[in-house]
Amino acid sequence: MANANEPPGGYAEIANPPQNTVVKIPRLGFGTYQIPPGYETEQAVSAALKVGYRHIDTAAVYQNEESVGAAIKKSGLPREELFVTTKLWNSDHGFERTLHAFGRSLHKLELDYVDLYLVHAPGSPRTRDETWRAMESILEAGKARAVGVSNFGVKHLEHLLKICNYRPAVNQVRTRVARLTSDLSPPFLECYRALRIVFDYRPADNQIELHPYNQRKDIVGYCRENGIALEAYAPLTRGRKLNDPPLVEIAKKYHKATAQILIRWGLQKGFIVIAKSTNRERMKMNLEASLSQLPVTDFEIGPDDMAKLDALDEKLVTDIWDPTAEP
């Protein structure tokens, strides 16, 4: 039976190297991709928090960070009970641009820190190393509890692990940044330009599209071998496969909606699942798929049916762009 104080689905753990601790991340998150900023985002996030979500996922490019922050503020929930993720967009790659972009995101969210900050996509190889060095400095400053990536393929991860897998260069002394805001002073930037400090901080997390129809086994295998947590976005295939006959058949067997089967598949695979809906009843259904402490929602997909779901893989990319294929 799950702990009554845990969020639905329980927690996964990701690393925080500066503090030599682990960060607990709720395994079921609420995504805000393509929810318009303003009233719609604020209402959706507020509803998600009311039905039990404690993990909220946004991004600079979604243009709804302010609305997410407003909903969090109005919820009255203690900050330590929430897990907030945002992401750095491609146009802000590079060392200084990353720091400025992060400051803007914090300001819009009206938060002192985020729980997880992700590089949204690999971007240009020319700025990738400097971008990650900025991510490390944000982590070292304590303004993000963990840092990671999104949409990185194996080749991107291999390179990143090469450039981040060594010790600080200046007499092995870490320079800590006491304050990081949107108003980053020139001396701060000059300090990091001169020192080029690189910490032994691997990405804690890789957020990629994952569902039975696109299982990305190469990326999943690599992340697991290297201790990188996996977050599954678009777990419901953006609605494309909800009426697929094999999926419908399994859903009927468990007396569940096909969306719940897809979420449950991701959780049983050990992924952190980012679901999205603006409908409160669907939010509850998605949460129900992750619960295990109540008899009415205590269901697990059996091995034979998991194997049937595994057999559905067709490498379906539901967006017009597959960043894992970038150089």
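In this predicted model, His120 sits in the loop that joins β6 (116-119) to α4 (125-140). The UniProt record, an unreviewed entry, assigns the feature "binding site" to this residue, His120. The relative accessible area of His120 is 9%, which is under the 20% cut-off, so the residue counts as buried. Beyond residues up to four places away in sequence, His120 touches Ala59, Val61 and Tyr62, together with Lys87, Leu88 and Trp89, and also Ser150 and Asn151.

With neighbours within four places in sequence set aside, the contacts of His93 are Leu88, Thr98, Val119, Ala121, Pro122, Gly123, Thr127 and Thr131.

Attention can now turn to helix α7, which spans residues 217-225 and has Ile219, Val220, Tyr222 and Cys223 as its buried residues. Viewed down the axis of α7, these buried residues fall within an arc of 165 degrees, and they therefore line one face of the helix. What do the buried residues of α7 pack against? Their partners are α5 (154-164) and the strands β8 (205-209) and β9 (229-233). The other side of α7 carries the exposed residues Lys217, Asp218 and Glu225. Just after this helix, Gly227 adopts a positive phi of about 70 degrees.

Key
Residues are numbered from 1 along each chain as its sequence is written. This is a predicted model: local features need pLDDT of at least 70, side-chain atom pairs count only at pLDDT 80 or more; totals for chains, interfaces and linings use all residues. Side-chain values use heavy atoms; hydrogens and water are left out. UniProt positions are given in the numbering used here, feature names are shortened, and annotations may be inferred rather than shown by experiment. Helices (H or I, at least four residues) and strands (E, at least two) are DSSP runs, numbered from the N terminus. Buried means under 20% relative accessible area, exposed over 50%, partly exposed in between (1.4 Å probe, protein chains only). Contact means heavy atoms within 4.5 Å. The arc is that of the directions from the helix axis to the C-beta atoms.
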